[in-house]
Amino acid sequence: MKAVCWMGKKKMEVRRVSDPTILNPRDCIVRVTATAICGSDLHLYNGYIPTLEKGDILGHEFMGEVIETGPEVKKLKVGDRVVVPFTISCGGCIHCARTQWSCCDNTNPNAALLEAVAGHGGAALYGYTGLYGGYAGGQAEYVRVPFADVGPIKIESDLPDDKLLFLSDIFPTGYMAAENCDIVPGRGVVAVWGCGPVGQFAIRSALLLGAAKVIAIDNVPERLRMAEAGGAVAINHDEVDDVQDALRAHTGGRGPDAAIDAVGMEAHGSVYDQVKQTLKLENDRAYALRQAMRAVRKGGVLSIPGVYSGFVDKVPMGAVFAKAVTIKQGQTHMQRYLRPLLKLIEDGKIDPSFVITHRVPLGHAPQAYAMFCDKKDGCIKVVLDPAM
Amino acid sequence: MPSPSPARSTRGKTRPETPAVTSVSARKHVAPSRRVVRGDRGVKVSRSVTVRRPADELYAFWRDLRNLPRIVKHALNIERVSDIASHWSASAPFGDHRVEWDAVIINDEPGKLIAWRSREGAEIPNAGTVRFDPAPGDEGTEVAVTLEYNPPAGKLGAWLAKLSGEEPAQQVAEALRRFKALMEAGEIPTTEGQPSGRAETTKNKRK
Ligand SMILES: NC(=O)c1ccc[n+]([C@@H]2O[C@H](COP(=O)([O-])OP(=O)(O)OC[C@H]3O[C@@H](n4cnc5c(N)ncnc54)[C@H](O)[C@@H]3O)[C@@H](O)[C@H]2O)c1
Ligand SMILES: [Zn+2]
Ligand SMILES: [Zn+2]
């Protein structure tokens, strides 16, 4: 089959590889009908997350048709149309029982690696380095899906792939980021750093959850326009002297009740961080995170869907402490959101396809990665089609 | 000082045929499970894990020692000899040397604890204990494993030290991780055999 392989920093290749097979009794094989490139893939593309190997197949946003099931798969059948969440969860451990799906104990064969780094290992993810289990990803014609009865959501309606695909990651991710803000309907003001796909879904989710106002921060004009179209007030951080002042002006001096960092480890803005990251003295550039920590109001919430992988310098812990800020973060607990969010889509409350700017054949993935990374041609979200 | 001999153990339900242990003599303050191994040379590792299954079920898995090779990564074979006796063998990676020993269960409290040790004359005297305690709040079972062995001198000892010397606890942790996955998820996670862009040839092709 064809698969999108990481062959080195900023070097993607579409290669012919073996077709996946059932390796464990609870596996199924999915023929991919649509897949996408995520902002998280850019951290891999740019070489910021260790334990990626040349030849690894990337991709964790995908959907398709079940074409084979292992002997212990009880619910899914061959022919079922499914969206697959990017976290792989077993359904039997204490974290799965508590719906902390992304903390699953039993799906990461390399849990010891993460344990050494973080104290404990989390759930495996598709196509996301050895640290996260080393599973082959879904930017391919076929993909092996472990624990088939726990992850994939079966689609009964005939909604098109475009409306469903983002249940695999960015819609639940934006939604959980907004839910973590503890929005008081009609009153909560939420500021969102980053108007990439995750930020876009966080903005719309915050409004669906009743936020009185959502303020979106970025410096990419078309992304800010999309945020405005979704109902946010936009701040271009290149056009204001000080983001915190601008936020004060929008909130009667209070600061936002909740701040969402939908940027993560590759924020632009600080030469200090860029140099340190390049010299490997710091894993992450936390410019947006620091800004969010200072801007959020007293007693507010800081919600972090943006990915951080290692050490961060100069975190204003004093500000977070002095203001009694609550921090919520982590990989999305995907399985918690699949059904409720599918219902929102079916009920017409949201059409996730708004975020798509490009549809290209799977074979054009290398160019698509470059375009998405460099934000060329107004690119916000790329869908790859294996059949094209 | 409690007796090392299972025959005199008050808790043990079993009475192994060979009560004597390699060295039980001089060391003080040593728990019963330690004594198989000559004190100053022994290697001892302990790890624990919480498994969201009832203690009885977990105990049953361990009580049939033949299950253990399923959770141990390196090649290990265990044959049942009697209800309490078993024959273990593992291959060393030089010549065609196989390390073999007979083991016997010296303490057995259903649902709570199993302890075993090698019979006298084993090339690598060793012993192990696994205990099962309820986790707080009825959220599964805390499983604690202690292994100890007396590394021999020479080539075999060097190999063993290399095999386990760096991180013996890591190996026990890995076995417990696999055990937990098997009990909670019904399978051990793996990616072995999946496709990648490293293999130049297409071994497996659909249609
Ligand atoms: N927690 C999860 O489970 C999860 C899931 C998916 C994605 N993510 C992460 O969410 C983050 C965003 O993902 P995405 O797909 O939207 O990526 P993206 O790269 O398309 O978007 C990031 C946006 O942040 C903007 N930005 C950069 N620096 C900024 C700054 N200082 N202030 C304001 N905006 C700034 C960029 O211009 C860009 O529009 C990434 O870190 C990604 O890894 C996390
Ligand atoms: Zn993602
Ligand atoms: Zn789990």
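User: A polar contact is a pair of N or O atoms within 3.5 Å; within protein, one must be able to donate a hydrogen and the other to accept it, and residues adjacent in sequence count only if both atoms are side-chain atoms. Which residue of chain A has a polar backbone atom 3.0 Å from a nitrogen atom of ligand 1?

Analyst: This is a predicted model, where local features need pLDDT of at least 70 and side-chain atom pairs count only at pLDDT 80 or more, while totals for chains, interfaces and linings use all residues. Residues are numbered from 1 along each chain as its sequence is written, chains are lettered from A and ligands numbered from 1 in the order in which they are written, and side-chain values use heavy atoms, without hydrogens and water. The residue with that polar backbone atom is G330(A).

User: How much of the accessible area of ligand 1 does the protein cover?

Analyst: On its own, ligand 1 has 860 Å² of accessible area (Shrake-Rupley method, 1.4 Å probe). The share of this that the protein covers is 96%.

User: Which side chain has an N or O atom 2.9 Å from an oxygen atom of ligand 1?

Analyst: Ligand 1 has 34 residues around it (a heavy atom within 4 Å), and S40(A), H43(A), D218(A) and P305(A) are among those that come nearest. The side chain with the N or O atom in question is that of R223(A).

User: Which residue of chain B forms a salt bridge with E53(A)?

Analyst: A salt bridge needs a side-chain nitrogen of Lys or Arg within 4 Å of a carboxyl oxygen of Asp or Glu. The rule finds six across the interface of chain A and chain B. At 3.9 Å, N to O, the partner of E53(A) is R198(B).
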